[in-house]
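Visitor: I am new to this structure. Please pick one part, take a close look at it, and tell me how it sits in the whole.

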Amino acid sequence: MTVHPRTASLLFLLLTATACAGGAGTAPTGGAPPLPDVQAAPEPIDLLLDHFHIESIMVPRGRAFTRQAALLVGDLSDGEIERLVSAVQAGFEASRLRDDVAAFMLQSAPDGYVQQIALWVESGASADVDRQASAYEPPIPLEEWLDTYTEEPPSAERVRLVARWSEARQEGTFFLLLEQALDEASHEVWAALRSNAPAFDSLSGDALFTRLTQSSMAAVVTALHAHEPISDDLMRASTLEYESEAGQWYVETYQIAVAEAVRAAGVRVAETLRGSSAPQ
C-alpha cells in the first residue's frame, strides 16, 4: 500500500506534535471419527489489530462514508445513490480493510516487533486494562457523567495519569487522522461524480492544532469515564508499555495503516463509480 502524498503530509503534522482448542468429539459407532474441533492460535498481527478493536472501527465506516459522501456531493440522483451504496459496500468491505491494515503494518515492522508487542497485548498490563474496560459498564452515560464531573472530579493525579496513558496511545491524533482520511476519501468520490469538484484541502496551521487539541481533550475525558475502576498502578504499567519504542511504533503505524486503508477504500469506490458512469 503506497502512502498518498497528501496523507503523508498530514501524518507529518500530526505525528510530530493462546491458542484456543476444543476437545475432539466421540466417534459414532461404525463410522469415521469426526475432525477435532480445534481453533488455530491467532497470528501475532491479529492480536495487535484486535487489541485496538479494529472491527469496531472498520465495520461502521462504510455506512458512515456513504452518508458523508452523499452529503458532500449534495445533489445525487437516485441512480447515483444506488451506485454509490453498491460501490461502498464492495470498497469498504471490512475484511478487506483489515487485510490492508495488517499488510501495511507487517511491511513496515522492524524484526521482532510484532511478536514482542503481541506478548503484552495478550498478557501484559495493557491486556488487563483492555479486559477490565471491556467488562465495565459505567453506571451513567458519558453525557450525564460530564454533568457531575465538576461536582466530584477525579483527582488531579488521576487526570494526569489517564491523560498520559491516552497520549501514549495517541488517541486524539487517531480520531483526527481517521476523520481527515474519510474527508479525503469523500472528495475522491465527489471528483468521480462531478468534474468540477474541488480538491481535498487538509487541515493545517492553527486549525489543525485547534482540532487536535479538541480531539485529544475529548479522548482523555472519554478514557476517564470508561476506565474509572482500573487502578492507577495498572494504568501506569500499561502506559509504560505504550511508551516503549516498540509500543510507539505500534500506535503510530496502526493509525497510519488505518488511515491509508480508508483512503485506499475511497479510491476503490471512486474507480468503481468512474467505471459505471461518466462524471457530470
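Guide: Start with the whole. The protein chain has 14 helices and two strands. The model is a predicted one. Of the chain's 280 residues, 42% count as buried. The chain exposes about 14500 Å². Carbon and sulfur atoms supply 55% of that area.

Now the close look: helix 14. This helix runs over residues 245-276 and has 32 residues. From its first C-alpha to its last, helix 14 reaches 47 Å. That is close to the 46 Å expected at 1.5 Å a residue. Is helix 14 mostly covered or mostly open? Mostly covered: 23 of its 32 residues are buried.

For contrast, turn to the surface. Glu143, Glu144, Asp147, Glu151 and Glu152 gather there in a patch of negative charge. One of them, Glu144, lies in helix 9, residues 142-149. Glu144 is partly exposed, with a relative accessible area of 43%. A residue must be over 30% to join such a patch, so Glu144 passes that cut-off.

Two loops deserve a stop. His53 sits between helix 2 (44-51) and helix 3 (54-58). Phi of His53 is near 50 degrees, a positive value in a residue other than glycine. His53 is partly exposed, at 36% relative accessible area.

Gln170 sits in the loop between helix 10 (156-169) and helix 11 (171-193). Phi of Gln170 is also positive, near 55 degrees, and this residue is not glycine either. Gln170 has 11% relative accessibility, so it counts as buried; the cut-off is under 20%.

Terms used: Residues numbered from 1 in each chain as written. Predicted model: local features only at pLDDT ≥ 70, side-chain atom pairs only at ≥ 80, totals over all residues. Heavy atoms only, no water. Patch = residues over 30% accessible without salt bridge, like charges linked within 9 Å, V, L, I, M, F, W, Y side chains within 5 Å. Areas by Shrake-Rupley, 256 points an atom, 1.4 Å probe, with all protein chains shown as cover. Salt bridge = Lys/Arg side-chain N within 4 Å of Asp/Glu carboxyl O. Lys, Arg positive; Asp, Glu negative; His and termini not counted. Charge placed at Lys NZ, Arg CZ, Asp CG, Glu CD. Helix = DSSP H or I, 4+ residues; strand = E, 2+ residues; numbered from the N terminus. Buried < 20%, exposed > 50% of the residue type's maximum accessible area, 1.4 Å probe, protein only. Expected span 1.5 Å × (residues − 1).
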